[in-house]
Amino acid sequence: MCRKSCCKYCCAFFPPILVALQLGGWRDQPELVREVGKTYFAKTDNYEAFTLTDRHRDEFFRDGATLLKGVLKPEVVKKLHEYVAPIDYFDPRNIGNLWMMSDEILDFYLFGPLGDIARQVFQSPQAVTAHLAPSAQLQRDFISRRHLNSTNGWHIDRTECQMGDQPSKYLSTALARLAVPLIVEGGVRGTQIINQSKYAAAMSEGTREEYLAGKSMYRKEGRFEQWMLWDPDTAVPVLPGVKLDEEMIIEHWMEPGDIVLFNTCLWHCSPPWVGPEQELGLQPTYAPSNHIAHDPPTYTDMMASWCLYDEFAGKPIGEVNSSCYPYAYPEDKRPKVGSTLTLKRRPVGLPRHVIFSWVHVHIRDMLRKPYFWFKR
């Protein structure tokens, strides 16, 4: 029986994997050149300064998330929506790090108020970065979408949460996201986030001490998504060593111009889509000067959107002058109006990625067929 079972597994899994390995291949991507400061979003009179309050800081460092009301003017949000809405799912700009392919979005991140908000978070007395000179460098962004049956199950952001399961004060390695819903009118349900203080309280005493010291490893690698063969409809993430419930979920009601600041190491997900229009958002993160770049796990960057930074690997980003991490703050370090940024992304193996996607579908479908499994 064992030999027959092994043969069946080999026949099911090995051929598509071998095809992917043989036909896949890596190739360099062309350079990307961005021109700074020439679009509508570079005009500083489009924005007003936003000051974090003690309440914002208390909520973020205690619970891991806080709502920032009215950060952006409605007309700016409308312009962003008009720009992002035509970018469909298969558009190359949709794969991540939109700012590398868009002068408009780059200008918004550099000249808008988000960089200064990040700087204020980094300088908060509760943060491990409070001793650093004030700065904020753009790290990454992507477009978020909610539409029809699309799901975004419970997960942590492994491209920003880079050193394990850490609370929000560890801002060098647990980067904070500024979630910007592109709401033209009305309102929308914000990201559902597991409350950090309740998450810590659910741990054993020893585990909690390790977590609060920033020394916990990831509790689970991956996402509660169907394509990872995990149940996307679970009410809360099912994690080893800690029992969570729906009372631990933070969810904000967001109106045009609002932003949610949250710790990317906290488990979070999108609430169900209510329609009728597609719900779009921008999801940038900024990094402090002592942040050290790390390559993301392959499953989080399948289309190789990550910037090549080989020349300063292992060094804090504030010690090098790289287009991969442009300064939004302070102004004297921000790229000058009319200057250009030349960017290079990681090599991409599109045929390999396409084939591996087919491999995944093939294996998933095989596993779902009841006759695939041998009866004992």
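Reader: What makes helix α5 (residues 114-122) mostly covered?
Author: In this predicted model, nine of its nine residues are buried. Buried means under 20% relative accessible area, exposed means over 50%, and partly exposed lies in between (1.4 Å probe, protein chains only). The buried residues of α5 include L114, D116, R119 and F122. Helices are DSSP runs of H or I with at least four residues, strands are runs of E with at least two, and both are numbered from the N terminus.

Reader: What should I know about the model and the numbering?
Author: Residues are numbered from 1 along each chain as its sequence is written. The model is predicted, with local features needing pLDDT of at least 70 and side-chain atom pairs pLDDT 80 or more, while totals for chains, interfaces and linings use all residues; side-chain values use heavy atoms, without hydrogens or water.

Reader: Why is D165 called buried?
Author: The relative accessible area of D165 is 4%. The cut-off is under 20%, so D165 counts as buried. D165 sits in the loop between β4 (143-146) and β5 (176-181).

Reader: What makes the D165 and Y199 pair a polar contact?
Author: Their side chains are joined at 2.5 Å. A polar contact needs a pair of N or O atoms within 3.5 Å; within protein, one must be able to donate a hydrogen and the other to accept it, and residues adjacent in sequence count only if both atoms are side-chain atoms. The D165 to Y199 pair is therefore a polar contact. Contact in general means heavy atoms within 4.5 Å. Beyond four places in sequence, the contacts of D165 include Y199, Y211, R219 and C265.

Reader: How do you know that P326 is buried?
Author: Its relative accessibility is 4%. That is under the cut-off, so P326 is buried. P326 lies in the loop between β13 (285-287) and β14 (327-329). Leaving aside neighbours within four places in sequence, P326 touches W99, L106, L110, A136, Q137, L138, P335 and L341.

Reader: Is N46 buried or exposed?
Author: N46 is at 11%, so N46 is buried. N46 is in the loop between β1 and α2 (54-63). Outside four places in sequence, N46 contacts Y40, F41, K73 and V76.

Reader: Why is I95 called partly exposed?
Author: I95 has a relative accessible area of 30%. I95 is in the loop between α3 (74-84) and α4 (103-111).

Reader: How do you know that β1 and β15 pair?
Author: Two strands pair if DSSP finds at least two bridges between them. Strand β1 (residues 32-35) has four bridges to β15, so the two pair, and they run antiparallel. E35 has T340 as its bridge partner in β15. Strand β15 (residues 340-343) has a covered face, L341 and L343, and an uncovered one, T340 and T342.

Reader: What makes β8 (249-250) and β11 (268-269) edge strands?
Author: They belong to an open sheet of three strands, ordered β8-β7-β11, with antiparallel pairing. Each of β8 and β11 pairs on one side only. Strand β7 (residues 192-194) joins β11 over two bridges. In β11, C269 is the bridge partner of Q192.

Reader: How many helices and strands does the protein have?
Author: The protein has eight helices and 15 strands. Of its 376 residues, 52% count as buried.
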